[in-house]
Amino acid sequence: MGSYLEANARERLRQLLDADSFTEFLPPQRRLISPHLAQLDAPVSFDDGVAIGSGRLRGKAVLAASQEGGFMGGAVGEVHGAKLVGLLRRAVQERPDAVLLLLDSGGVRLHEANAGLIAVSEVMRALFDARHAGIPVIVMIGGATGCFGGMGIVARCANTVLMSEEGRLAMSGPEVIETTHGVEEYDARDRALVWRTSGGKHRYLLGDCDALLPDSIAAFADAAAAAIDRLHAGTVALTLEELDAEQRLLSQRLDAYGEETEPADIWRGMGIADPAALPMLEADAFVAAAAPHRRRAA
């Protein structure tokens, strides 16, 4: 298996799932395109930027979706969102062992405005319906686009978030922050700053993702299979206790680091003696170094 970062949406599915087990629903041959993009004379894709289907992961039955960051930054429009919603609703009916969401998206597709916003809200509702039915939802983030905007919220609605160091997760993307607050506030061209702010290592330390993995599709497959076993041994549905714990985590984070502007200062505040060394560590070494300092909802 190869690099998660360098693979496209279907390569990730093909290498992540058991050999020859993936069956795609609504493949490109069906030519299911956005009804809005053509009216704007914008490029269209015959899968609207997402592949969905069923397969097996280490023998476990799963439904899976993989966003294609190479088409409009994986942005969610009406059809794209409807495919995700349909997959999650199908999970409630077929009851697979889990739903896997391989997210690589800048968020809502601005060309489709309200239709895109509604689509993301429907994805969230369908995700919670799946969890309520006892179907774990596992999110993977390691693509070049990252996971921002509405899909960043979707990611945090899932049971488990798996990230690589190369993955990025945030509400607003770097270019959005720079546009709205100015380059003096946030320079989107400063790639080191971008990764320190929204990259996998920072998210792992803050408790926003559950595993920090090497850039390997095999590592994502192993972690997802282990997560399925772990989640089925506990409570899959969202509970009030889980919400309260998340709220406490966010409140503590705001109180402790709300005035900080540099991620390295946050890491130092968490008790890490040499925060400048963290970006240079490989995933395993980083996880070991982060273990005593990492924040978790409790």
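**View 1. Lining of the second largest pocket in the predicted model.** Helix α3 (113–132) contributes the most to the lining of the second largest pocket, with four residues. The pocket has a volume of about 430 Å³. Of its 24 lining residues, the closest to the centre are Gly-106, Gly-107, Val-108, Gly-149 and Val-176. Elements giving two or more residues are α3, α4 (149–157) and α5 (174–181). By class, the lining has 11 nonpolar, nine polar (Gly among them) and four charged residues. A pocket is an open set of points on a 1 Å grid where a 1.4 Å probe fits, with protein on both sides within 12 Å along at least five of seven lines; lining residues have an atom within 4 Å of a point. Helices are DSSP runs of H or I with at least four residues, strands runs of E with at least two.

View 2. Arg-294, in the segment after α11 (283–290), is buried (under 20% relative accessible area, 1.4 Å probe). The Arg-294 side chain reaches the backbone oxygen of Cys-209 at 2.4 Å.

**View 3. Positive phi at Asp-41.** Asp-41, in the loop between β1 (23–25) and β2 (50–57), has a positive phi of about 60 degrees although it is not a glycine. Asp-41 is exposed (over 50%), with a relative accessible area of 72%.

**Notes.** Residues are numbered from 1 along each chain as its sequence is written. In this predicted model, local features need pLDDT of at least 70, side-chain atom pairs count only at pLDDT 80 or more, totals for chains, interfaces and linings use all residues, and side-chain values use heavy atoms, with hydrogens and water left out.

Conventions
Grid points are joined across faces, edges and corners, and a volume is the space filled by probe spheres set on the points. Lys and Arg count as positive and Asp and Glu as negative; His and the chain ends are not counted. A salt bridge is a side-chain nitrogen of Lys or Arg within 4 Å of a carboxyl oxygen of Asp or Glu. A polar contact is a pair of N or O atoms within 3.5 Å; within protein, one must be able to donate a hydrogen and the other to accept it, and residues adjacent in sequence count only if both atoms are side-chain atoms.
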